[in-house]
Amino acid sequence: MIKLTRRAALGSLAAIGLVASVALPAMAQDKQKFTLATSGSETDQRSVAMSEVFAPMVAEFADYQPGYNGTLFAQGTELEAISRGNLTMSIASAQELAQFFPEFSIFATGYVHQDAAHQVRVFNDPLMEPFKKKVEDELGVKLLSVMYLGRRHVNLRFPRSEKDIKTPADLAGVNLRMPGTDAWQFLGKALGAAPTPMAFTEVYTALSTGAVDGQDNPLPTVVDAKFYEVTEQIALTSHLVDLNYIAFSKETWDSLTPDQQLTVQRAADAAAAYGRLKQLEKENNLADFIRSQGVEIYTPDLDAFRTHVQEQYVGSEFAESWPDGVLEKINALGN
Ligand code: KDO
């Protein structure tokens, strides 16, 4: 009797164990892991928008796991990681996309986008559809929404008394760090400088040791990355109203229900909108703080920069990759 009872009890325990071992992974599977890789910091407004707006909106079915400062994947390798199924999301640049699809360089060209609102109009316009479709079909990456990074300016580590930047000619020979893709390097050259490719995470040290003479980024990034500590002057060239796309794995997307897809899309749009407002606010308010840290901020001859940069693109191999009529459409969506 006792033996039988024990056996029965053990049997039912095993059954419970079996049920538990089946049930637990099933519950874990219910929540997808959305891993995001960025070379931005945790306090970068785009990162903040993703963790404060995107993550809670998808929390019911997804566990958002961000990796900052290029720790998961090095800058510029994220799209390939998504494509290979090793990563769910990234905050991708048009310059990175241009590595795969040269026509994306149109969105990375100096003085094309006019402001944050223009970026949104362009991203949502039908002109963008063939671009998005190509990335989806050929790379397995969905571009969900457009994020605002800000107006990029030339920052130098030496004072204005040593080098005063009025026109592109004044940048001749200046070793300007630009991110490491062809479209970025071309922009550096178009500005008149001698560009050096380097990952974002190495820039602070390179400025402090003098390995580079300067770098270009918007004011919020200059503060977030503390570049102002190793910068003496900022020439407000506004050469690129810079953007990033919220890039998402098509494979993961296809595994979601239609309701979940809608939620992911809404979460991405909401995060982008929130981040945009915050970034604009910072961009408008940070000059005084940066000045108070001893950095001189001034406006060079913008007409000279615009004319020179635009001239460099005309007839370039980048411009040749732009589909007919797209630049005109982008311009028509401007102010
Ligand atoms: C940079 O490397 O200068 C850059 O600003 C380029 C952007 O496209 C973006 O990747 C950004 O770095 C990183 O997210 C760090 O802010």
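1. How many Å separate an oxygen atom of the ligand from an N or O atom in the side chain of Asn244? In this model, which is predicted, the distance is 3.4 Å.

2. Two further side chains can be read in the same way: an oxygen atom of the ligand lies 2.8 Å from an N or O atom in the side chain of Arg152, and an oxygen atom of the ligand lies 2.7 Å from an N or O atom in the side chain of Asn217. The ligand is surrounded by 15 residues, of which the closest are Arg46, Gln75, Arg152, Arg177 and Asn217.

3. Turning to helix packing, helix H2 (residues 45-58) packs against helix H11 (residues 258-292) at an angle of about 150°, their axes being 8 Å apart; the two helices are therefore roughly antiparallel to each other, and H2 passes H11 in a right-handed crossing. Residues making this contact include Ala49, Val53 and Met57 of H2 and Ala267, Ala271 and Tyr274 of H11. Sorted by class, the contact of H2 with H11 has 12 nonpolar, four polar and four charged residues.

4. Helix H7 (residues 182-190) and helix H12 (residues 302-313) pack at an angle of about 130°, with 9 Å between their axes, and are therefore oblique to each other; the crossing of H7 and H12 is right-handed. H7 contributes Ala183, Phe186, Leu187 and Ala190 to the contact, while H12 contributes His308, Val309, Gln312 and Tyr313. By class, the contact of H7 with H12 has six nonpolar and two polar residues, and no charged residues.

Notes:
Residues are numbered from 1 along each chain as its sequence is written. This is a predicted model: local features need pLDDT of at least 70, side-chain atom pairs count only at pLDDT 80 or more; totals for chains, interfaces and linings use all residues. Side-chain values use heavy atoms; hydrogens and water are left out. Axes are lines fitted to C-alpha atoms, for helices over the stretch in contact, and angles run from 0 to 180 degrees between N-to-C directions. Helices (H or I, at least four residues) and strands (E, at least two) are DSSP runs, numbered from the N terminus. Angles under 35 degrees count as roughly parallel, over 145 as roughly antiparallel, 65 to 115 as roughly perpendicular and the rest as oblique. A crossing is left-handed if the near helix is turned anticlockwise from the far one by less than a right angle, and right-handed if clockwise. Contact means heavy atoms within 4.5 Å. Ala, Val, Leu, Ile, Met, Phe, Trp, Tyr, Cys and Pro count as nonpolar, Asp, Glu, Lys and Arg as charged, and the others, Gly among them, as polar. A residue is near a molecule or strand if one of its heavy atoms lies within 4 Å of it. A polar contact is a pair of N or O atoms within 3.5 Å; within protein, one must be able to donate a hydrogen and the other to accept it, and residues adjacent in sequence count only if both atoms are side-chain atoms.
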